[in-house]
Amino acid sequence: MVLHHEENRGKGEAIKTALKYIKEELWECRVVGIMDADGQHLPDDMEKLLMKAAAEPMALIVGSRTIDRNVPWKSRMGNLITRRIFRMKTGVEVSDTQTGLRAFSTRLLDFMLDIEGERYEYEMNVLVTCAKANIPIIEVPIETIYHDKGNSCSHFRKVRDSVRIYRQLLKFSFVSFSSFLLDYVMLAGLILVLNNILLQIFLAVYIPLYPAKILTECTLFLISWLIQKKLIFSVRKSVGIKYPVLIKKSGERI
């Protein structure tokens, strides 16, 4: 089955169109594989990823190429930069962030369809969103195939598409930093207000000024530590994903 867009709407939209078709028409499928059409991946490697996705239904499976001197230097540099930035911003290590060979269970279909992105940035958004949602990203070694040093089979536009990809990473970084800054400012304001209130309370019960000030600072230190531990730096829960439940005619849940 070949699906067409009347005009080029980008790689991300092409993937989403396929996922929507699978969801609506091929609901009996259990795993989904995505493979670039530039001839850089082998069917045997796709099969390995699909088998892994069937065994790990709540994980994203990605094909990991060996990035060595046989890979065009532009691809090596691009992968190196995105890999470093991705690890720095998400805390997740992925050795091949630009791989076009991926697989996942259909349990993640709705999750993948909700991710933003129309063109090449969609695939980076998938990695970032999975990292934020604590969805495991499992790498499977695959063959590295390039037809020539210039990677002429690829339609990747080095400047325009790179800007799209890095813009998403910087957007994620800006949101994370803004959240941290907002939390910090709110905490500082709260501590300032509490400092004045506690000091007035201690003075009202006839505690001398200097002991009252020391007691106030110790109390605020404890409050600040508890707030940061329980609220600001607490481990965020994973994004909940609803599992589809299929019902046989007999009523048995599978």
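I started in helix H7 (residues 209-232), where glutamate 217 and lysine 213 sit four residues apart, about one turn of the helix. Helices here are DSSP runs of H or I with at least four residues, strands are E runs of at least two, and both are numbered from the N terminus.

This is a predicted model, where local features need pLDDT of at least 70 and side-chain atom pairs count only at pLDDT 80 or more, while totals for chains, interfaces and linings use all residues. Residues are numbered from 1 along each chain as its sequence is written, and side-chain values use heavy atoms, with hydrogens and water left out.

Next I looked up salt bridges (a side-chain nitrogen of Lys or Arg within 4 Å of a carboxyl oxygen of Asp or Glu). Glutamate 217 makes one with lysine 213, their closest N and O atoms 3.1 Å apart.

Buried or exposed? I used these cut-offs: buried is under 20% relative accessible area, exposed is over 50%, and partly exposed is in between (1.4 Å probe, protein chains only). Glutamate 217 comes out partly exposed at 36%, and lysine 213 does too at 34%.

Then I checked glutamate 123, which forms a salt bridge with lysine 11, closest N and O atoms 2.9 Å apart. That pair links distant parts of the chain, helix H5 and helix H1, 112 residues apart. Glutamate 123 and lysine 11 are both buried. Shared partners join Lys11, Asp36 and Glu123 into one salt-bridge network.

Last, I noted glutamate 93 with arginine 87, closest N and O atoms 3.0 Å apart in their salt bridge. My search of the whole structure gave eight salt bridges.
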